[in-house]
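Here are some notes for your first look at this model. Keep the structure open as you read, and check each point against it.

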Amino acid sequence: MGLREWLSKIFGSSEESTNKNVSTTPVNETKTTPVNPTTVENKENKTQKEERLVADKITIGHVHMSGCTGCLISLADNYEGLFTLLDNYADLVYCLTLMDVRDIPKMDVALVEGSVCINNHHSIEDIRKTRENAAVVVALGGCASYGNITRFCRGGQWNQPGHEGFVPIGDLINVDVYLPGCPPSPQAIRNLCVMAYLLLKGTDEQKALATKYLEPLMKLPTLGTEACGCDLMTKVINHGLCMGCGTCVASCPVRAITMESGKPNIERDMCIKCGACYTACPRSFISLELTAQFETILGAIDGAMNP
Ligand code: SF4
Ligand code: SF4
């Protein structure tokens with residue numbers, strides 16, 4: 001069973017989206033090829049149906065290190081939007097949960113979920129192979145970016161007592177983009193995929209827009225692999241950016257944050273420096289320059305998702 005059929009079984013029929021004469025003209029006027037009707041109308045011919053519908057797609061892989069699979073669920077929570085992505089912009093070439101491909105292939109973009117267990121040589125080999133084979137490596141979610149809840153692990157847990165140390169992927173390889181969040185929202189993952197496509201395959205104008213969108217996320221890896229409650233204080237609250245949403249409180253695994261007078265207060269002695277609060281905070285990687293272009297960016301994404 002192909003990936004498309006498998007996803008269709010789970011999320012419902014995708015016939016409507018697969019049979020559309022999809023064109024990415026609104027977002028990319030020169031690069032894409034319209035669907036060949038004979039390819040999609042012949043429902044009897046499975047091999048034809050699984051052909052690439054649009055030329056010039058990018059290839060994307062989901063590499064699962066040590067995490068809870070929440071980021072993958074968030075990716076799948078795009079529902080029909082996932083079909084639009086797969087039809088028009090990206091071929092999923094590697095994903096241990098969804099596909100029967102064992103070796104990490106060459107790909108344009110690797111979405112890496114989870115931190116790396118340094119007591120497991122397979123994990124270290126996999127993350128190095130990912131770096132070798134992917135043009136762009138994205139740390140997808142808090143664990144891959146900053147360690148998140150896996151920073152809590154000290155070994156001795158019943159299923160893997162020898163697994164004592166977990167590090168963010170940036171401690172072992174060069175990372176191009178962080179997409180923090182625990183998990184990142186479905187929309188954030190979708191937008192990243194569209195923008196990665198525009199960056200790699202778009203017109204000059206689209207490349208510039210995608211660069212603008214991705215810049216704050218590309219800057220995060222240059223700032224290091226550690227985040228803690230102090231980052232909330234120094235980079236969000238002290239800058240007057242906190243809107244008192246309480247997401248940081250809910251995300252702290254050791255209850256080191258409480259809300260006082262509508263703003264978070266961090267008990268620093270309790271903080272294990274997992275970065276969960278900082279990565280979950282919607283204001284932690286805000287870019288005012290980007291905010292100024294928000295409507296243009298949303299228009300490009302809407303155009304891409306409704307071709
Ligand atoms: Fe993690 Fe809590 Fe410390 Fe934030 S305050 S880094 S969530 S332990
Ligand atoms: Fe403030 Fe960020 Fe915490 Fe929300 S998640 S309360 S914006 S610091």
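Which residues of α11 are buried?

1. **The buried side of α11.** This is a predicted model, so read every point with that in mind. The buried residues of α11 are four: G229, D231, L232 and V236. Viewed down the helix axis, they fall within an arc of 140 degrees, so they line one face of α11. An α-helix has 3.6 residues a turn, so residues three or four places apart point the same way.

2. **What that face packs against.** Find α12, β8 (257–260), β9 and α13 in the structure. The buried residues of α11 pack against these elements.

3. **Ligand 2.** The shell around ligand 2 holds 13 residues. The closest are C242, C245, T247, C248 and C281. Two elements give two or more residues to this shell: α11 (229–237) and α12 (247–251). The largest share is three residues, and it comes from α11. By class, the shell divides into nine nonpolar residues, three polar and one charged.

4. **Ligand 1.** Now turn to ligand 1, which has 15 residues around it. G229, C252, C271, C274 and C277 are the closest. G229 is also one of the buried residues of α11. The shell around ligand 1 has eleven nonpolar residues, three polar and one charged.

5. **R268.** Is R268 buried or exposed? R268 counts as exposed, because it has 11 C-beta neighbours inside 10 Å, and the cut-off for exposed is 12 or fewer. R268 sits in the loop between β9 (263–266) and α13 (276–280). Set aside its neighbours within four places in sequence, and R268 is in contact with G229 and C230. R268 and C230 are 38 residues apart along the chain. Even so, their C-alpha atoms are separated by 7.7 Å.

6. **The whole chain.** Finally, step back. The chain has 307 residues, and 41% of them are buried. Its secondary structure comes to 15 helices and nine strands. Take the contacts with a separation of 6 or more: 76% of them join residues 24 or more positions apart. The contact between R268 and C230 is one example to look up.

Note on methods
Residues are numbered from 1 along each chain as its sequence is written. Chains are lettered from A and ligands numbered from 1 in the order in which they are written. This is a predicted model: local features need pLDDT of at least 70, side-chain atom pairs count only at pLDDT 80 or more; totals for chains, interfaces and linings use all residues. A residue is buried if 20 or more other C-beta atoms lie within 10 Å of its own, exposed if 12 or fewer, and partly exposed in between; C-beta atoms are placed from the backbone. Two residues are in contact if their C-beta atoms, placed from the backbone, lie within 7 Å. A residue is near a molecule or strand if its C-beta atom, placed from the backbone, lies within 6 Å of it. Ala, Val, Leu, Ile, Met, Phe, Trp, Tyr, Cys and Pro count as nonpolar, Asp, Glu, Lys and Arg as charged, and the others, Gly among them, as polar. The arc is that of the directions from the helix axis to the C-beta atoms.
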